[in-house]
Amino acid sequence: MLHEVTSEHYFMGRLQHGEDLLEALNHICSQHHIELGKITAIGAVQKAVLGYYDQRQQVYQTIRLDWPLEIVQLTGNISMKDDKPFAHVHAILSDASGRTHGGHLFPGTIVFACETIIHVFRGPVFQRVLDTTTGLPLWNMP
Amino acid sequence: MLHEVTSEHYFMGRLQHGEDLLEALNHICSQHHIELGKITAIGAVQKAVLGYYDQRQQVYQTIRLDWPLEIVQLTGNISMKDDKPFAHVHAILSDASGRTHGGHLFPGTIVFACETIIHVFRGPVFQRVLDTTTGLPLWNMP
Amino acid sequence: MLHEVTSEHYFMGRLQHGEDLLEALNHICSQHHIELGKITAIGAVQKAVLGYYDQRQQVYQTIRLDWPLEIVQLTGNISMKDDKPFAHVHAILSDASGRTHGGHLFPGTIVFACETIIHVFRGPVFQRVLDTTTGLPLWNMP
């Protein structure tokens, strides 16, 4: 279930203080017509909303962290969902004691400072459609 | 102790629900003759086995997590061990409270959904041999 | 605030047992004249110093972990600060129970074993200067 993709180009830079992290990443994808790619970032957030997928109930539970945290690592991929570029992003955040919190990135996570590298690929269309086994929108490729 | 390597190509896709995560990655490496590379992934697992290397005793201790977890971040490299492609993989997993668990990925970690990007390099042979200082199979390069 | 950069080459290898992790990475950047890039690594450390940025006081607090830990994931970027190559690095470390600790990597983190891949980019000059909003040295690009 793997497909060969080729490297097209890279974007490197920082997001703006006060932006919604996930919305900013999705906006970049739309604006630059990035239909396939990979995102990594480090930085800090003012607050965050992470998700955990309940595999039995097949719903996301959200975890609200209403305090400043380091973005120790953010990793995401970019593909198509409902014919639009869609960033699927996971993040690990840490607090003043070094304790980490992780999960699926939700809107409501606000940038303090964020340095990102986006790698744009060219390849077959990776389209997300509902996968009945998991209840998740997964790539519908053979 | 760094060597220049060049980018060859990329594979992007998802692993199958119910697969053993580490065995699936090693199988991909063997099948596609990937002798040097880098792996990243996000997703979720049904259960996991992680390892911690006891630096004094020079043995891995394993940590069993028998419940569903997000793969917040998986990072690995691919090189040669005993003349076969070998994936060395670390993973960070998170639970319903956002708490994270990390370590060296062991067999027994079962895929719920997993989206991976494998970057294939060309370069000198990176062969793992026993390093007597650490007790680990490390690259034997000058 | 994103800039297009191009892939130049890659270095792959391991750091030396007993080295200071952050100083070793900065030394590699200086030695190989790497002015723009990305770092990833996995491995283990003998002890570590991580930082958390207090967004209100605008100072880093340090967290000392004086025991052996896995490097579950290290991510960094390379740019220029005070006209010298500068590695900005975040790390996630795990202990014998799988518990993770994360933050901004500080000197005082000592390598047990560390396998790294450094991706060198070519692009505009990414120079860090003091950002008055955050108190951090951020890229001064439009």
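Mentor: We may, bearing in mind that this is a predicted model. E1(B) and E1(C) run antiparallel and are joined by 4 bridges.

Trainee: Which residue of E1(C) stands opposite B:Leu2?

Mentor: The pairing to consult is that of E1(B) with E1(C), which run antiparallel. Within E1(C), the residue opposite B:Leu2 is C:Gly13.

Trainee: How many bridges pair E1(A) with strand E1 of chain B, and what is the bridge partner of A:Leu2 in E1(B)?

Mentor: E1(A) and strand E1 (residues 2-15) of chain B pair in the antiparallel sense, and the number of bridges is 4. For A:Leu2, the bridge partner in E1(B) is B:Gly13.

Trainee: What rotation superposes chain A on chain B, and of what kind of axis is that the relation?

Mentor: Chain A is superposed on chain B, with an RMSD of 0.0 Å, by a rotation of 120° with 0.0 Å of shift along its axis. That relation is the one given by a three-fold axis.

Trainee: Which residue of chain A has the C-alpha nearest the axis?

Mentor: The axis in question is that of the 120° rotation superposing chain A on chain B. In chain A, the nearest C-alpha lies 3.6 Å from the axis and belongs to A:Thr100.

Trainee: Do the copies use the same or different surfaces, and what percentage of the contact residues of chain A recur in chain B?

Mentor: The copies use different surfaces. Of the contact residues of chain A, those that recur in chain B amount to 12%.

Trainee: How much area do chain A and chain B bury between them?

Mentor: The contact draws 40 residues from chain A and 37 residues from chain B. On the side of chain A, A:Met1, A:Leu2 and A:Gln55 lose the most area to chain B, together 22% of what that side buries. Carbon and sulfur atoms carry 64% of the area buried between chain A and chain B, which is about 3300 Å².

Trainee: Which element gives the most to the side of chain A that touches chain B?

Mentor: Across this interface, 16 residue pairs are in polar contact. Several strands of chain A each supply at least two residues to that side, including strand E2 (37-54), strand E4 (69-81) and strand E7 (110-122). By class, the side holds 16 nonpolar, 20 polar and 4 charged residues. The element that gives the most, with 6 residues, is E1(A).

Trainee: Which side chain meets that of A:Arg128 in a salt bridge?

Mentor: The interface of chain A and chain B has 1 salt bridge. Its N to O distance is 2.7 Å, and the side chain that meets A:Arg128 is that of B:Glu115.

Trainee: Turning to chain C and chain B, which residues of chain C lose the most area to chain B?

Mentor: This contact takes 37 residues from chain C and 39 residues from chain B, and about 3300 Å² is buried between the two chains. Together accounting for 26% of what the side of chain C buries, the residues are C:Tyr10, C:Met12 and C:Arg14.

Trainee: With which residue does B:Arg128 form a salt bridge?

Mentor: Between chain C and chain B the count is 1 salt bridge. Its closest N and O atoms are 2.7 Å apart, and the partner of B:Arg128 is C:Glu115.

Terms used. Residues are numbered from 1 along each chain as its sequence is written. Chains are lettered from A and ligands numbered from 1 in the order in which they are written. This is a predicted model: local features need pLDDT of at least 70, side-chain atom pairs count only at pLDDT 80 or more; totals for chains, interfaces and linings use all residues. Side-chain values use heavy atoms; hydrogens and water are left out. Copies are superposed by least squares on the C-alpha atoms of residues with pLDDT of at least 70 in both. Contact means heavy atoms within 4.5 Å. Buried area is the accessible area (1.4 Å probe) that two parts lose on being put together, summed over both. A salt bridge is a side-chain nitrogen of Lys or Arg within 4 Å of a carboxyl oxygen of Asp or Glu. A polar contact is a pair of N or O atoms within 3.5 Å; within protein, one must be able to donate a hydrogen and the other to accept it, and residues adjacent in sequence count only if both atoms are side-chain atoms. Ala, Val, Leu, Ile, Met, Phe, Trp, Tyr, Cys and Pro count as nonpolar, Asp, Glu, Lys and Arg as charged, and the others, Gly among them, as polar. Two strands pair if DSSP finds at least two bridges between them.
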